[in-house]
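Please open the model in your viewer and switch to a cartoon view, so that you can follow the tour one selection at a time.

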Amino acid sequence: MSKESLAINGGKPVRERPFPARFMLDEAEKSAVMALFDAALNSGNAFGYNGPPEQEYERKFAEYLGGGFADGVNSGTNAVFVSLAALDLEPFSEVIVPPITDPGGVMPVVYIGCVPVVADAAPGSYNTSAEQIAPLINERTRAILVAHIAGEPVDMDPIMELAKQHNLYVVEDCAQAHGSLYKGRKCGTIGHIAAFSTMFGKHHCTGGQGGIVFTKDEKLHFEGRRAADRGKPFGLVGAAGNVRAALNCNLNDLSATIGIVQLDKLQGIVQRRRAVGERIRKALADHPLIRVSKQVPDTQSSYWFLRMTMDLEKCSVTKQEFCRALSMEGIPLNPEYRHIPCEQPWFKEQKVFGKSGFPWQCSDYKGDRNPVFKVDNAIQAALTGFNIGINESWIESDADDTIRAILKVADAYGKTEKAK
Ligand SMILES: Cc1ncc(COP(=O)(O)O)c(C=O)c1O
């Protein structure tokens, strides 16, 4: 394939039609919401929160994860916040956090008064591993927060083993991993407590924003509920009032009504995304320049996005140029997913509460006041990777167009083809 044939050089793009939209919501959500409104109009009482729809959503979600306790909250960020707050850690405890994640997956650590310690990624991954976490554990460490980025499960067993040895909690951030499987177990059921985002872009949603916390531990569940609702004494008999300081992170019955319908679709959504992701993975399996990124063995991603890895030594152009050319072929992509917490201004400038430098600069914190984290693998994964935005509405021909476009660009820019 010659460079001249590339769309970026005036050739015909592989894909001229747009890829299908998600069609996340349909008449089923609409009629469920309308029924809720009708009930409110008929009764004269507005719908609220923690009512029958929210309870049903939480019950159904816990059932989806094989049984346990769920609490709907109003964002994925607050699901992480509530999961951490449920642990009731002492201030200035260290919490090990993921190398690449959404800011909302890390900022809650400082809002519970704890100190984030950034673990590097496993080689070739956006996710961390026990090997990266182990050297960061010290007498101040109390919890490990892992995120299954892109829907790719973190290698959990060695992390759970490490946590057991050191008596640490493990929180799973499953914002991007609804329905992902680790050795046959659903992500979110392996650690002590798990946080899910249900904002509109996730595998299943509760409307524009939302989240849900899951645990099999009843004590953590009730502590989380207190942390999510101004310290109300959920699960306590005879408590006189609000038992801890907390915010209001509640979900509501309207969002839960959407969530109930969405849960019926979740399995199918995950299966269809997986079929697309695996089709593209298989087609590029032996490609010298570009492939779908390697995953932990015996895991199944739920493909929130398709993570690609390039061997840039075999490419005659930069990754950015490659991505521009692929994008011009009509493929939806994000050329770099470099969301490394310790590279963010708020983290580097320690901007949490005023100019205090909290928590790092407080005299009660005995760790490094200006820590420098080694995140070389995460940087390498970000620099050599990019993401393709697949979704569950894609059919085989959408996957095949993507494969054809990737092969076309790789063929034009592969070093062995350079002489053409
Ligand atoms: C891994 C991860 N954690 C946390 C969040 C925060 O979720 P939300 O946007 O619902 O607050 C996100 C959002 O995309 C995420 O991807």
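This is a predicted model: local features need pLDDT of at least 70, side-chain atom pairs count only at pLDDT 80 or more; totals for chains, interfaces and linings use all residues.

Begin by selecting residues 211–215, which form strand β9. Is this strand buried or exposed? Five of its five residues are buried, so β9 is largely enclosed by the rest of the structure. If you show the side chains, you will find that both faces are covered, with Gly211, Val213 and Thr215 buried on one side and Ile212 and Phe214 buried on the other.

As background, the strands of a sheet pair through backbone hydrogen bonds, and the pairing may be parallel or antiparallel.

Now move to an open sheet of four strands, whose order is β10-β12-β14-β13 and whose pairing is antiparallel. Select residues 290–292 for β10 and 333–334 for β13: these strands stand at the edges, and because each has a single partner strand, one side of each is left without a neighbour in the sheet.

Finally, select residues 306–310, strand β12, which pairs with β10 in the antiparallel sense over three bridges. To see one of these contacts, pick isoleucine 290 and its bridge partner in β12, methionine 310.

Definitions and conventions: Residues are numbered from 1 along each chain as its sequence is written. Two strands pair if DSSP finds at least two bridges between them. Helices (H or I, at least four residues) and strands (E, at least two) are DSSP runs, numbered from the N terminus. A residue is buried if 20 or more other C-beta atoms lie within 10 Å of its own, exposed if 12 or fewer, and partly exposed in between; C-beta atoms are placed from the backbone.
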